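Work through the exercises below with the sequence and model at hand. Each task is followed by its solution.

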Amino acid sequence: MSEQTEQTQSGVVIVGAGMAGVQTAVALREQGWRGPITLLGAEPHQPYDRPPLSKAVLLGKAEDSAFDVDFEGLGVVLRLGVEVTGLRAAERELDTEAGPVPYDVLVLATGAEPLTLPGAEGVPGVHLLRTLDDAARLRPVLARTPSTVVVGAGWIGAEFATAAREVGCAVTVVEAADRVLAGALPAEVAAPMAHWYEEAGAALLTGAKVASVRSGRVLLADGRELPAGAVVVGIGARPATRWLADSGVELGPEGAVTADEYLRTTVPGVYAVGDCASFPSARYGARLLVHHWDNALQGPRVVAANILAGSAMQVYDPVPYFWSEQFGRFVQYAGHHAGADELVWRGNPADAGWSVCWLRDGALAAVLAVGRPRDLAQGRKLIEAGTPVDPAKIADSALPLKSALV
């Protein structure tokens, strides 16, 4: 018997009003949940999508990126500006600044919070780019086209540098590692991407550690000083789970909620989804923590199904996917390349379009596609199938990727 039929008046409370939280509420209604749903958001704004923040919203092409969801029509109680401070699992209650909130089923969808640069907090002109308010503060700054220093050459750093160059800012990107995307891609794959900065007119400094940030300048550990009318920090994010300390919800070393294959936490009646949660992947034989939009879209459907399902639970084991628009290029990635034993190039990385495929035990494990969306779409299906492929056919960029099936 499902939770729905056992307690038709029970309430689901969702903590976090980003993509994962909103989609969980929508999926619950679509799949037949009739009980109360309460969505708690720490920010005062209507729930919104984050990817446009580094593009349309930041550049003034859109005022916001609010989700087109009729919460009232869905019967979802939306409580905004409510920060959750603790969980008392034995009482099935949340502590908030506005008082306790009881729940029957709880979904943790708090996302991630940006890492800050030590010593830079409170320094005038230093910005993060994670929230709508962050984008609103940065937009008029960029309009003045100051010399801008971006700390971090990861995905968000590249996207912000792209936007800053588009409006005419002089941009210097500072990366402590010896290459761009050091935490995401192997050196040989990331190497061609470093040239994109120069092509776009952005200076790239790798192996450069920030010693301190002062108003109007950034000091590097090697003694160099960079003028900075604005400093944008994009050095990564951590799951927003500090408030779960001592709650009984198990957290991993990186701070993520350690969900099981059904996205349940270690506390009965509590699920976790999106950027705040890791999950075990049988497909890859590893626990994955995926900080990307597609994970926040797909996971909620499984959470909703499992809240309703009773014994017939759905396993969550997706092929991770994300995209990034940077320096005039559309970059897509599907899969998980850790543990791969063969890397195959498709096309020349000096050209406008090329791809990289990772194989493990003869099957496609991951694909990175730059300006080749068909490779991504076909590669994703090959990864899902898990069947053997021919590396020689993969390497022939004139052949459709799907033709590589053995």
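Rings of Phe, Tyr and Trp (its six-membered ring) pair if their centres lie within 6.5 Å; planes under 30 degrees apart count as stacked, over 60 as edge-to-face and the rest as tilted. The model is predicted: local features need pLDDT of at least 70, side-chain atom pairs count only at pLDDT 80 or more, and totals for chains, interfaces and linings use all residues. Residues are numbered from 1 along each chain as its sequence is written, and side-chain values use heavy atoms, without hydrogens and water.

**Exercise 1.** Classify the aromatic pair of Phe-279 and Tyr-316.

Solution. The structure holds 8 aromatic pairs. In the pair of Phe-279 and Tyr-316, the ring centres are 4.9 Å apart and the planes stand at 65 degrees, so the pair is edge-to-face. Phe-279 belongs to strand E20 and Tyr-316 to the loop between helix H7 (293-309) and strand E22 (321-326), so the pair ties together parts 37 residues apart in sequence. Helices (H or I, at least four residues) and strands (E, at least two) are DSSP runs, numbered from the N terminus. Phe-279 is buried at 2% relative accessible area, where buried means under 20%, exposed over 50% and partly exposed in between (1.4 Å probe, protein chains only). Tyr-316, at 4%, is buried too.

**Exercise 2.** Classify the pair of Phe-322 and Tyr-333, then name the cluster that holds them.

Solution. Phe-322 and Tyr-333 are stacked, with 5.4 Å centre to centre and 25 degrees between the planes. Phe-322 lies in strand E22 and Tyr-333 in strand E23 (residues 329-335), 11 residues apart. Both residues are buried. Together with Trp-155 and Trp-358, Phe-322 and Tyr-333 form one aromatic cluster.
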